[in-house]
Amino acid sequence: YLLRWIMANVSNSNVLVPLSKQKKLAATAACILLLVGIAMTGAGFPVIQIPILTKMHAEKSFTLITLIATIATAVMNPVGTKLGDMMGKRSIIILAAILSLAATAFLAVTNSYIVFLIARTVLGLSQGAIVAAPYIIVREINEPAQVPKYMGILASGMAVGTLLSGFLTGILVDKQMYGFAIISYAIPVILAAILLALVFPNIKSPFNTKFDVPGAALIASFITSFLLALNFVGKIRSGEMSLAVTLLLFAVVCLKTQNTAACCWLAGWHISTMPRLSTTAPWPLQAFSMGPAPKRAPYKSRGRSLL
């Protein structure tokens with residue numbers, strides 16, 4: 001009896017958020033559903049986005065939309081984690097679920113390229129804000145010794161979401177049910193938000209909750225520069241290779257030193273030394289190349305988008 005009493009009273013000593021067995025099971029299921037929804041979006045949208053943009057006569061913007069959505073997701077990952085500490089993870093997940101539902105609704109019905117771009121960016125922002133939440137919640141509701149097991153379960157949820165999205169999206173695209181396919185990506189996230197709203201407390205961090213605006217700006221600059229460099233490095237001619245190199249250097253400075261002066265100096269050096277690209281180049285490239293034109297023939301895109 002003494003051993004049973006000890007087990008009953010100290011078994012949750014290392015659990016940050018103690019829950020009953022039923023609530024812990026529901027919270028774990030919610031975490032799995034979150035990752036299933038995120039995985040479905042990541043695997044399904046590249047497939048369904050092509051026929052939708054073709055109907056809008058904007059198929060050449062496929063890479064641009066995908067790049068912006070990816071940047072939005074990556075930038076909101078650390079920002080959303082910090083906001084979860086400030087506002088509570090449950091509040092952030094519920095807000096992200098509402099935004100995901102609204103964004104997928106617009107994506108399902110719109111015939112406008114601009115609306116599609118904005119809604120796809122909002123969807124990336126909302127999902128990026130909660131992509132780390134399942135892993136944090138699983139750590140908070142379980143003993144440290146059990147965390148590796150649940151991490152494996154979450155990874156399996158990602159795999160299930162990817163596989164499910166492939167089958168479901170393929171069938172619905174063949175039947176031209178694009179709107180229903182897009183809405184289906186938000187259903188697991190909505191179910192997860194409902195479960196967490198019922199069983200998981202909205203706990204705010206007791207530590208420093210001041211939002212680091214300069215740090216967030218620098219990490220956003222790092223992620224944006226890094227992804228732009230990877231996207232454009234193989235699609236510009238060797239004369240503009242310094243663009244990719246500068247973006248990578250800028251990313252390293254933002255990540256390693258968080259030195260605003262160094263970032264400004266590197267940006268200024270690039271602006272003063274980088275030849276101006278053609279005005280037909282996409283705006284991300286034009287933003288990073290505003291220097292004087294060199295004494296050579298200007299670069300021509302030959303009617304093709306650099307994206």
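**Helix packing, pocket and cavity in a predicted model**

Glutamine 49 is placed in helix H2. The structure described here is a predicted model. Because the relative accessibility of glutamine 49 is 1%, this residue counts as buried, the cut-off for that class being under 20% relative accessible area. When neighbours within four places in sequence are left aside, glutamine 49 is in contact with Phe62, Ile65, Thr66, Phe116 and Arg120. Two of the elements concerned in this part of the chain are helix H3, which covers residues 62-87, and helix H5, which covers residues 113-130.

The chain as a whole contains 12 helices and 0 strands. Its pattern along the sequence is accordingly written α-α-α-α-α-α-α-α-α-α-α-α. Of the 307 residues in the chain, 43% are buried. The chain exposes about 16,300 Å², and 69% of that area is supplied by carbon and sulfur atoms. Contacts were also sorted by separation along the sequence. Among those between residues at least 6 apart, 75% join residues at least 24 apart.

Along the chain, methionine 56 and threonine 110 are 54 residues apart, while their C-alpha atoms are separated by 9.7 Å. Thr110 is also one of the contacts of methionine 56 once neighbours within four places in sequence are left aside; the others are Asn111, Ser112, Tyr113 and Phe116.

The C-alpha atoms of leucine 99 and leucine 125 are 8.9 Å apart in space, and the two residues are 26 apart in sequence. Outside the four places on either side in sequence, leucine 99 is in contact with Val122 and Ser126.

The largest pocket has a volume of about 330 Å³. Its lining consists of 19 residues, and those nearest the centre of the pocket are Thr41, Gly42, Thr70, Thr73 and Arg120. Arg120 was named above among the contacts of glutamine 49. At least two lining residues of the largest pocket come from each of helix H2 (21-55), helix H3 (62-87) and helix H5 (113-130). Sorted by class, the lining of this pocket holds 9 nonpolar, 9 polar and 1 charged residues.

In the whole structure, 1 cavity of 30 Å³ or more is found. The largest cavity contains about 50 Å³ of space. The residues that line the largest cavity are Gly80, Thr81, Gly84, Lys89, Ile92, Ala129, Ala133 and Ile136. Helices H3, H4 and H6 are the elements that give two or more residues to this lining. The largest share, 3 residues, comes from H3. By class, the lining of the largest cavity is made up of 4 nonpolar, 3 polar and 1 charged residues.

Lys89, one of the residues lining the largest cavity, lies in helix H4. Lysine 89 is buried, because its relative accessible area is 10% and the limit for this class is under 20%. Apart from neighbours within four places in sequence, lysine 89 is in contact with Gly84, Ile136, Ile137, Glu140, Asn202 and Ile203. Among these contacts, Gly84 and Ile136 also belong to the lining of the largest cavity.

Helix H6 comprises residues 133-141, and its buried residues are Ala133, Pro134, Ile137, Val138, Glu140 and Ile141. Viewed down the axis of H6, these buried residues fall within an arc of 165 degrees, so they line one face of the helix.

Technical notes: Residues are numbered from 1 along each chain as its sequence is written. This is a predicted model: local features need pLDDT of at least 70, side-chain atom pairs count only at pLDDT 80 or more; totals for chains, interfaces and linings use all residues. Side-chain values use heavy atoms; hydrogens and water are left out. On a 1 Å grid over the protein atoms alone, a cavity is a set of points where a 1.4 Å probe fits but cannot get out, and a pocket is an open set with protein on both sides within 12 Å along at least five of seven lines; lining residues have an atom within 4 Å of a point. Grid points are joined across faces, edges and corners, and a volume is the space filled by probe spheres set on the points. Helices (H or I, at least four residues) and strands (E, at least two) are DSSP runs, numbered from the N terminus. Ala, Val, Leu, Ile, Met, Phe, Trp, Tyr, Cys and Pro count as nonpolar, Asp, Glu, Lys and Arg as charged, and the others, Gly among them, as polar. Buried means under 20% relative accessible area, exposed over 50%, partly exposed in between (1.4 Å probe, protein chains only). The arc is that of the directions from the helix axis to the C-beta atoms. Contact means heavy atoms within 4.5 Å. Accessible areas come from the Shrake-Rupley method with a 1.4 Å probe; for residues, only the protein chains shown count as cover.
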